Amino acid sequence: TPARDTFLQSLKEESPSRLLEIVERHKSRTDPFNLKEVLEELPLRSLKDALESIGKILTESLLRCPAEQWNVDPPQHEDMETVATGSVLESTVAVVTAVATVLSVAVKTVSAEVIEDILESAIILHALLPLFTESHPNLRDTVIHMCESWWERDLRGKEELGKNMILTILRYNLIQQSKALGAGMKRLWSLRESFRLFDFLGNPPETEELKELLLQGCIVTNIYLKTEESRRFLSFLFSLNVDFIKTIHAVLKKHLLSLTKVQVGYYADIYFQAWKKATGPYLKMMEEHCIQNLMEHGVYLPYSSPMNSKVRQMLSYFHAQKVRQGVDEMLHRLYEPILWRALKASNSEVRANATLLFTDAFPLQDPAFGREEADANLQRQFEELFRVLDDPCPRVRSSAVLGVCRLTSRYWEMIPGRPLSELLTKLVSSLAFDASSADVRCAVYKSLPIVLDNKLSHPLMEKLLPEARNGLHDVAERVRVAFVDMLLKVKAVRAAKYWKICPMEHLLARLAMDSPVVTRRLVQLLASSFLPVEQPEETWSERCITLVQMNPTATRCFYQHLHKFVSPTNIAKLILQLYHCLNTCLPKHKGQNEEKEAEGDEKENQEEDDEDVPLAKDLTTVGSLLEVVVILWSSIRKVLLGNPRVYQQLVIKFSNVVPGYFRTFKNERCYQALVILASYMPPNTIPTFSVVGGGGSGSVLSRLRAFELGVDDMAFTPLLDCMCCWGQAGHILELITEWLSANLGQKSPQTRVNRVRINLPMLPKPDLALQYTEYMLRSPECCASVLDSGHKLNALTELLATSKDTLRAFLKNPKTIGVDTASATALRAFRLHCLLQILIHHKHNGEGRVIQASFESTSSWVVQYVLCVLQAPHDTASNKAEAQASFALNIATVYLKACKDIVLVGLADPDFIAHCLEFTISVVETDKGVQCLPLGLQLLQSVLRHCLCQDHEDATEEKLRELVQAAPTVFQKLMQMMGRCTRKQVDVAQQVLLELGPALAGLLGTVCQWRAFQEGLFHGIVSITMVAVVAETKNIMQKVSTITNMAESTPVLLEKMSNMPPLSACILATVLRNNKITRSFLSELEECVHSDELQSLVGITSVLHIIHTIFKAKGRGGDIGSVAKAIQNQLDIHATSMMDESNTVDRVLYEEDRRILSILLPSQHLTAHTQG
């Protein structure tokens, strides 16, 4: 053929360029020339001549440019000789690649008798493989492909073409981790016999390189594990050399920690396949150095080690293969010297690990045993099971419980009936009531569902489980959760009726009182019983009434969580069924008329009984049913908004009967539920109830008017919520404004509305108005509606601002006895005025200057009329002056809280913050104002958080930085005032210290959180707290040391040293909550000791007393030790002066200091410098 002639002609000429053209045509997809077909058509003689010519071309090319020079860097200068050398190299590489391509095709095509003609050329190319670097990837891959084809055909001489091929594949194909890694592992699996060519005994360099490539490229790389060929190849590596097995196992153990659970399972399968195929010394090495080593690690690794669970998983894979031949005997033989000794070890963690392995591998038996030996072996293991169930360590017992349940579920048919029954009885009757450990009780209820997975266990478990019914009332929440989960499992597998295991009364009682995590599971358990969706819908309401009558509280909890397990459609159907049920309680003719109005021409399928319904007389049950309707409606309220058709259906039905419900159900409980139900419907659907202009007693606003002062919040909160849900909060604000106007001496603002108003004579109730306002601002839903009320809200805000006139009048002329009602009301109004201003500006995202401008009048008023009263000297014996100062303090407290809130929500600018801090210091410096000190610390915390958290403009940022720098100064002044209070106002200080701790903890927590960015601020605050503690402690020590009578001073001094002063105790208790703050506090103490500030023995004793208190609370630590050593050095300085002191306070202090140091520094030799 023309193609054959062309090929032969190119070889006769022995021209490399013609050969390159032939190879290019072969590789081209558009050219029909196919080198394989040409070689197949050639006669035997012509084929041999062609292959001989190919070999000559290869030899000549390599002689012209040897492969050793391919990777040599060219000279730095370029000349004609360098260019020529480069062109020769390129042409040589191209020719060698073309020759390799022809040989690769020939290996697959020619017969075995002709293959010897190309063996020499193949050996040459194989020998040159290490020289083919990444710059010649095509040539390298072509030669590897040729060698692979040689091994696939099992041709003579393949042994000469193996080593470099394998090393190159591992070096370039696997280490690079390309996308075809799976294909690479398949290639290695097909070439696995070529690994036998390496000498693993002598360990030449090529073998060492192979080991390294296999370990790093195959064993440690997890991405190969998914394919079956990859795992087969990895298991094959265990058969290469006995010593190499140790190396693989050591590498895998180090790599085990980074594996996922699935990957550990793959490696376990690799180990098992390697063991199954091993024989002779390989089998011995696998068992003794791999499997048994894993067993030892599974027993002796710490229980909390992350390696523990992974090793156990690998061993569990072997345990699961016990059905395979030889596995039982191997496990019995390898566990024998390890497991039985570990089960009786003194270390409880070892016993717990051994228990898990023993129960997972149960039964350990040798098939070669006779019947008597097998029975004795099995009896021994049953005895061991009962022994570990009675182990003194709770962890061992918990592990035993889990293991016993697993093995009973797995081998139910194989275990004799008596031991099986005794084991489960032991769990249910004894360990389920283990009073010493909640973990053991929890393990019982978590593990029993494993037994229930075996259907054969159901008859026995149905008899045993009722004994564990009290697990529902366990004191530990996790035990109750596990018990309910067990009941869910019983219900799922239909092993028994769950209400026969635990009575329904107990389930409902726990449902009514337990935590949400238990309640949610109980609702899931009871859902199908009290809402049987597979039964007629009429049954649903009957079950609901039954549930209400059994436990009303549990009913509310049940229906609150029901929407999590039932579709919204079924809940809507249940609401309609309860609607029909409640309608039977209405007068018959009225109910029928309302039904017709609600449904028009729709025919009802239910017939009402002619007799009077007993449910109508039970208003308690009716109230519970109405609450259920409200709960169900609220649970699917968002879903109903997305389904207008269902929502309109519910609204139409209930809007026609709600007025009748109000007339029929006079119970207060029913009324509250009906009010909430009405709030879910548009107000125009129930005009007789929602009308706000009339004076009818049935409207919401009329009922709000009728309440008297002192009414419980639960009486009016549903009405307020209802009005706000309808968007009618403005009408409530009108009522509040009307009532407050009379008390604050203002005329009620007149608002024009197009509706009829009936003015009923009624006394104003300002305190009740404030009570309404406080609730609406506290409730998120009501607050949103209030803030949308526009001019009515503005009118109320302006009216509340007039409370300052009443407060000012009282400050000028206070009552001699207490505070009158008008003044107390005005103070509440002033607080609400401040709160409303903040909420309004926060809603509209006001800037700091805006809120400050609106607060300017309030701020100036407080400074002018309140602060001056606090700062003025007053006679404590005068009741009038005392009342005036106390009332001014209350006003200042309200204002400071408002300032804190303004800063907290980010509405304050630097000028306003500076005013707040200045005002705080001014208040605290007064005699009465120290009670505001905790509030001042809270304000300072809010200021720091505001300054550090937010991004600001450059000008503002500079001011905020100044505020942060001034924070330690403000804090120092506050602590100074607190110290003065503890000395002069002991009774007041005790009350203030109760609130100081949380406020100080919040401030220290904030500065600690920002320590990385504000190191100076953190150390400044901590240093001030340290100085406050040292100063107060030193002051107490100094006072006691001035007692002249030594006989009296010594016991008093020692008693004082055993108790911290009140402020210091409060500060230390706060500091010790945070380890970082504690370390910084001790560092500041150490610096204080090294400084010259504590020269006297009293000062040193004070610091020693502080660190001794910290030692008793926190234990010995490095920081305490460093401070104690510094104090020891100071005491050594005073040792000489103590030689002549025999009966002084300093001598008592010195000896007590030495005694405390011996406790803090037990390893230090404290030499006594004085004699008693």
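This is a predicted model: local features need pLDDT of at least 70, side-chain atom pairs count only at pLDDT 80 or more; totals for chains, interfaces and linings use all residues.
Are F558 and Y559 buried or exposed? Both F558 and Y559 are buried. The ring centres of F558 and Y559 are 4.9 Å apart and the ring planes meet at 85°, so the pair counts as edge-to-face, the class for planes over 60 degrees apart. Aromatic pairs in the model number 26.

Other aromatic rings gather in a group. One cluster is made up of W340, F358, F362, F382 and Y411.

The peptide bond that joins F362 and P363 is cis, with omega at about -5°. P363 is placed in the loop between α18 (348-361) and α19 (371-389). Another backbone feature is found at R494, which is not a glycine but has a positive phi of about 55°. As background to both cases, most residues other than glycine have a negative phi, and most peptide bonds are trans. R494 belongs to the loop between α24 (477-493) and α25 (498-501). With a relative accessible area of 75%, R494 is exposed, because the cut-off for that word is over 50%.

The next topic is the interior. In soluble globular proteins, nonpolar side chains tend to be buried together. The largest nonpolar core here has 268 residues, and the members that touch the most others are F233, W633, F654, Y661, F689 and L704. Helix α5 (residues 80-109) gives the most to this core, with 10 residues. Domain 1 (258-391) and domain 2 (393-502) both give residues to the core, so it lies between them. Another core, of 115 residues, lies apart from this one, and includes I838, L1004, F1018 and I1156.

What does F654 touch, not counting residues up to four places away in sequence? F654 touches I575, Y579, V629, W633, Y661, L677 and M681.

Helix α28 (residues 537-550) has 14 residues and reaches 21 Å from its first C-alpha to its last, close to the expected 20 Å. Its buried residues are T539, W540, S541, C544, I545, L547 and V548. The elements that cover the buried residues of α28 include α26 (504-513), α27 (516-530), α29 (552-561), α30 (568-583) and α32 (619-635).

V711 sits in the loop between α37 (700-706) and α38 (713-725). V711 and L768 are 57 residues apart in sequence, with 8.5 Å between their C-alpha atoms. Beyond its neighbours within four places in sequence, V711 is in contact with F716, L768 and Q771.

I921 gives the second example, in helix α47 (residues 910-924). The relative accessible area of I921 is 13%, so I921 is buried, the cut-off being under 20%. I921 and V970 are 49 residues apart along the chain, and their C-alpha atoms are separated by 7.5 Å. Leaving aside neighbours within four places in sequence, I921 is in contact with V970 and K973.

Methods
Residues are numbered from 1 along each chain as its sequence is written. Side-chain values use heavy atoms; hydrogens and water are left out. Helices (H or I, at least four residues) and strands (E, at least two) are DSSP runs, numbered from the N terminus. Buried means under 20% relative accessible area, exposed over 50%, partly exposed in between (1.4 Å probe, protein chains only). Contact means heavy atoms within 4.5 Å. The expected span of a helix is 1.5 Å times one less than its number of residues. A nonpolar core is a set of buried Ala, Val, Leu, Ile, Met, Phe, Trp, Tyr and Cys residues joined through side-chain atoms within 4.5 Å. Domain bounds come from an automatic or database domain assignment. Rings of Phe, Tyr and Trp (its six-membered ring) pair if their centres lie within 6.5 Å; planes under 30 degrees apart count as stacked, over 60 as edge-to-face and the rest as tilted.
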